Amino acid sequence: MLLITCPYCREARPEVEFAYAGEAHIARPADPSAVGDAAWRDHLYIRSNTRGLHRERWRHVNGCGRFFNAVRDTVTDKFAATYKAGAPCPIDFAREGAER
Amino acid sequence: MIQARMIQEWKTLAGTPIPEVAGRLSVALAPDCARFSLRVRPDDRAALDAPLGIALPDRIGGVAVGAGGHALCLGPDEWSLLLPAEAAAGLGERLGAAVTVPFSLVDVGHREVGIAVSGPAATLALSSLCALDLDAMPAGSATRTILDRAQAVLIKHDAEQYRIEVWQSFADHVWTLLEVVSREIALDL
């Protein structure tokens with residue numbers, strides 16, 4: 001079982017307390033009726049499917065109840081960082097991508 | 001009609017005592033109390049302290065004692081109040097009259113059952129249901145967590161005194177598991 005650090009509880013907690021909630025930092029268009037069908041489809045369904053570091057949402061559903069963001073390596077399952085919802089990602093992805 | 005009655009059926013666990021393991025473990029129903037779920041913005045929290053008679057803890061996991069009961073901080077803006085019935089009577093009206101900040105107070109008194117787990121083997125018994133490191137959990141703290149598969153609030157008063165607050169629907173499940181664990185501890189398995 002993984003230990004995940006909840007940025008609100010500031011504690012490493014067992015994975016069973018958490019629920020995965022998809023890719024993070026996907027902004028919903030402010031006016032959905034103004035975007036075209038293709039753009040709306042991409043917003044709803046098209047995800048990056050990354051191999052490596054992936055920014056994703058989690059919810060501490062059986063704890064403090066809060067959604068937060070995490071950076072997890074999809075190959076090793078290792079969490080690189082967790083941070084509060086609304087906060088900027090602490091990892092510079094442009095640089096990380098160049099290193100891989 | 002029958003269905004409605006079934007949904008409202010109370011699982012009080014009364015009449016199903018778990019035998020005490022002498023000097024090691026005791027599992028018993030905690031005395032019933034009033035329960036409230038309190039939501040308020042963290043910045044406005046202090047405005048409620050005086051009318052409640054409890055200084056609400058500001059850190060998640062914190063437990064404050066006051067007004068004859070406990071206040072548990074479960075989330076950034078969520079507190080759970082466990083109060084004696086007399087302190088709870090008319091609490092919503094009293095708070096509404098005394099406080100101007102927005103808050104939400106919901107009576108969840110019928111939702112949960114309290115179970116007191118105590119004795120030197122209490123940590124061992126609960127560790128068999130819970131993935132948290134209970135030895136590392138500070139005394140005088142509380143958290144929402146998973147016991148086996150059921151969500152519950154676990155309060156650690158000290159290393160030998162715990163209280164579980166579990167929803168009535170799952171109380172039988174947790175109670176039966178504690179019964180099994182208690183028997184295993186009694187037999188030194």
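Biologist: What percentage of the 100 residues of chain A count as buried?

Modeller: The model is predicted: local features need pLDDT of at least 70, side-chain atom pairs count only at pLDDT 80 or more, and totals for chains, interfaces and linings use all residues. Residues are numbered from 1 along each chain as its sequence is written, with chains lettered from A and ligands numbered from 1 in the order in which they are written. A residue is buried if 20 or more other C-beta atoms, placed from the backbone, lie within 10 Å of its own. For the 100 residues of chain A, the share that counts as buried is 19%.

Biologist: Which pattern does chain A follow along the sequence?

Modeller: Helices (H or I, at least four residues) and strands (E, at least two) are DSSP runs, numbered from the N terminus. Chain A has 2 helices and 6 strands. Read along the sequence, the pattern of chain A is β-β-β-α-β-β-β-α.

Biologist: How many residues does chain B give to the contact with chain A?

Modeller: Two residues are in contact if their C-beta atoms, placed from the backbone, lie within 7 Å. The side of chain A that touches chain B divides into 6 nonpolar, 3 polar and 2 charged residues (nonpolar: Ala, Val, Leu, Ile, Met, Phe, Trp, Tyr, Cys and Pro; charged: Asp, Glu, Lys and Arg; polar: the others, Gly among them). Chain A contributes 11 residues to the contact, and chain B contributes 13.

Biologist: Why does the radius of gyration of chain B agree with that of a compact globule?

Modeller: The radius of gyration is taken over C-alpha atoms, and the globule rule is 2.2 Å times the number of residues to the power 0.38. Because chain B has 189 residues, a compact globule would have a value near 16 Å, and this agrees with the value for chain B, 17 Å.

Biologist: Which element gives the most to the side of domain 1 of chain B that touches domain 2 of chain B?

Modeller: The domain assignment (bounds from an automatic or database source) gives domain 1 (17-31 + 111-186) and domain 2 (34-107) in chain B. Their contact takes 9 residues from domain 1 of chain B and 7 residues from domain 2 of chain B. On the domain 1 side, β8 (141-147) and β9 (150-158) of chain B each give two or more residues. With 4 residues, the element that gives the most is β8(B).

Notes:
Buried ≥ 20, exposed ≤ 12 C-beta atoms within 10 Å, placed from the backbone.
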